[in-house]
Amino acid sequence: MSLTKNVKQKTRNFIDSKHMLSGITVASFLESTIVPIPLEAVMVPLMQARREKLWLIALMATIGCIVGAIFGYAMGYYLFDLIGDWVINSFSSAEQFETVKQKMQEQGFWFVMTLGIVPIPFQIAMLAAGATKYSLALFLLATTIARSIRYFGLALVVYYAGDKAEKVIKKHKTKALIGLTVVVLIAWWLSTL
């Protein structure tokens, strides 16, 4: 069996598997923690193939990301305690870190929201929130909102566009990301007034 046929068969087996939902949850966890490859490449075809579970797939991907975010926050929180002084002294100063920490406390929600929507590795937001001991509740709220917009937005496109969803997403992805980022940045700016 050729490699292409083998991959297609494994993909079909996964789509039809009773472990599909737990698999997407694990994939979302991994994407948000250690594998900075966008999950959309898997989610859109999966949502198209399993439209009856469209919203559940988006929910499980969101849950996987939230669990991953808690893990990443904890890494920033606890590992920074172990190596933070060395990092601060090597790359900046205690005063600069205090400035970053204060900015994170004041504007961390919007920072996390922005990184949760745009295609920048989300690990940055998780580690920064944990390292600065940003409010876990606000961090999780921002993460949940941002990733819900991202994953349920994909589900919405698949719901309306059906088999043409990949083409629609490919055509409008950049515009949609810019638009969402602008909306978040405007909301961030309005919150500072």
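I looked up L82 and found it in helix α4, where helices are DSSP runs of H or I with at least four residues and strands are runs of E with at least two, numbered from the N terminus. At 69% relative accessibility L82 counts as exposed, since exposed means over 50% relative accessible area, buried under 20% and partly exposed in between, with a 1.4 Å probe and protein chains only.

I noted that this is a predicted model, in which local features need pLDDT of at least 70 and side-chain atom pairs count only at pLDDT 80 or more, while totals for chains, interfaces and linings use all residues. Residues are numbered from 1 along each chain as its sequence is written, and side-chain values use heavy atoms, with hydrogens and water left out.

I then followed L82 to its surroundings: F71, M75, L79, L82, I83, W86 and L127 form a nonpolar patch on the surface with about 720 Å² of accessible area together. For such a patch, residues need over 30% relative accessible area and no salt bridge, and nonpolar side chains (Val, Leu, Ile, Met, Phe, Trp, Tyr) are joined within 5 Å, like charges within 9 Å. Helix α4, residues 54-91, gives the most to this patch, with six residues.

For the whole protein I recorded eight helices and zero strands. Of its 193 residues, 37% count as buried, and the accessible surface comes to about 11,300 Å², of which 69% belongs to carbon and sulfur atoms; the areas come from the Shrake-Rupley method with a 1.4 Å probe, and for residues only the protein chains shown count as cover.

I turned to salt bridges next, each a side-chain nitrogen of Lys or Arg within 4 Å of a carboxyl oxygen of Asp or Glu, and the count comes to four. The side chains of E31 and R147 meet in one of them, at 3.6 Å from N to O; because E31 lies in helix α2 (residues 20-33) and R147 in helix α7 (residues 136-161), the pair ties together parts that are 116 residues apart in sequence. E31 counts as buried at 9% relative accessibility, and R147 counts as buried at 1%.

I also checked R51 and D163, whose side chains meet in a salt bridge at 2.4 Å, N to O. This pair links distant parts of the chain, with R51 in the loop between α3 (40-49) and α4 and D163 in the loop between α7 and α8 (165-191), 112 residues apart. R51 is partly exposed at 37% relative accessibility, whereas D163 is exposed, with a relative accessible area of 62%.
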